[in-house]
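Please look over the structure below.

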Amino acid sequence: YQGGDGSLILLEISGTPVYDRSGRLRGFRGFDRCIGCIGSVIGDKKVIRLEAIFALSPIALCVVGRDGRLLAANVRHSALSGGQPVYSLIGMSIDELYPESDQNIYQDFRLLDDGIAIPDHEVNINGRDYLTSVTPIPNARGRIIAISVAHFDVTERKRLEQEIKIANRQLAELV
């Protein structure tokens, strides 16, 4: 919804239809919440909610729990899974979605538990190359309970690098 004041409000609505005995729709049971108020004004300050930034990020972002299941994902991340809706991804296991990345997740948790930072690395998912950055998410006691994973699509960059290598090789042969 775009307000008259230029604010943008994103709502998440999850509900189940409720019917009466004769089969008529009586309403919905569920919840709704504002996940992003961009440009809304509270007092004299504009508000940008963290959930909106996460949801609208141009980078594929997700949060993975210690059990290897997705706890959160944004729209760009849903493209990695073939365009499945974000809500259908939550709770899915990484090995179901991206078998090639499954063991990386558990290794990342082991390294982080040992105090070792995870270096950025490349992964290939569904034929595309991504530079992946992993950040630990600790609880209040400092125990790592999840990881935040950012996937930067570098497919085009890698294709161009390959073309440059070929061109350089051809130039070297001509010389």
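## Threonine 155 and helix α6

Threonine 155 lies in helix α6. Helices here are DSSP runs of H or I with at least four residues, strands are runs of E with at least two, and both are numbered from the N terminus. Threonine 155 counts as buried, at 16% relative accessibility. Buried means under 20% relative accessible area, exposed means over 50%, and partly exposed falls in between (1.4 Å probe, protein chains only).

The side chain of threonine 155 reaches the backbone nitrogen of aspartate 129 at 2.8 Å. That is a polar contact: a pair of N or O atoms within 3.5 Å, where within protein one must be able to donate a hydrogen and the other to accept it, and residues adjacent in sequence count only if both atoms are side-chain atoms. Leaving out residues up to four places away in sequence, threonine 155 touches Arg128 and Asp129. Contact means heavy atoms within 4.5 Å.

Helix α6 spans residues 155–174 and lies across β7, β8 and β9. It runs at about 135 degrees to β8. Axes are lines fitted to C-alpha atoms, for helices over the stretch in contact, and angles run from 0 to 180 degrees between N-to-C directions.

## Model and chain

This is a predicted model, in which local features need pLDDT of at least 70, side-chain atom pairs count only at pLDDT 80 or more, and totals for chains, interfaces and linings use all residues. Residues are numbered from 1 along each chain as its sequence is written, and side-chain values use heavy atoms, with hydrogens and water left out.

The chain has 6 helices and 9 strands. Of its 175 residues, 30% count as buried. Among contacts with a separation of 6 or more, 35% join residues 24 or more positions apart.

## The sheet

Five strands make an open sheet: the order of the 5 strands is β6-β5-β9-β8-β7, with antiparallel pairing. Two strands pair if DSSP finds at least two bridges between them. The edge strands, β6 and β7, each pair on one side only. From one strand to the next, the twist averages 30 degrees.

β8 and β9 pair in the antiparallel sense over 9 bridges. Serine 133 stands opposite alanine 150 in β9. Valine 134 has valine 149 of β9 as its bridge partner. The hairpin of β8 and β9 has 5 residues between the strands, and glycine 142 in the turn has a positive phi of about 90 degrees.

β7 and β8 run antiparallel, joined by 5 bridges. Isoleucine 125 stands opposite arginine 128 in β8. Asparagine 124 stands opposite aspartate 129 in β8, and aspartate 129 is also the residue whose backbone nitrogen the threonine 155 side chain reaches.

Asparagine 126 sits in the loop. Its phi is positive, near 50 degrees, in a residue other than glycine. Asparagine 126 is exposed, with a relative accessible area of 56%.

## The nonpolar core

The largest nonpolar core has 22 residues, of which Val64, Leu70 and Ile147 touch the most other members. Elements that each supply at least two residues of this core include β5 (60–65), β6 (70–73), α5 (102–113) and β9 (144–153). Such a core is a set of buried Ala, Val, Leu, Ile, Met, Phe, Trp, Tyr and Cys residues joined through side-chain atoms within 4.5 Å.

What does isoleucine 147 touch, not counting residues up to four places away in sequence? Its contacts include Cys62, Val63, Val64, Ile105, Phe109, Leu112 and Val134.
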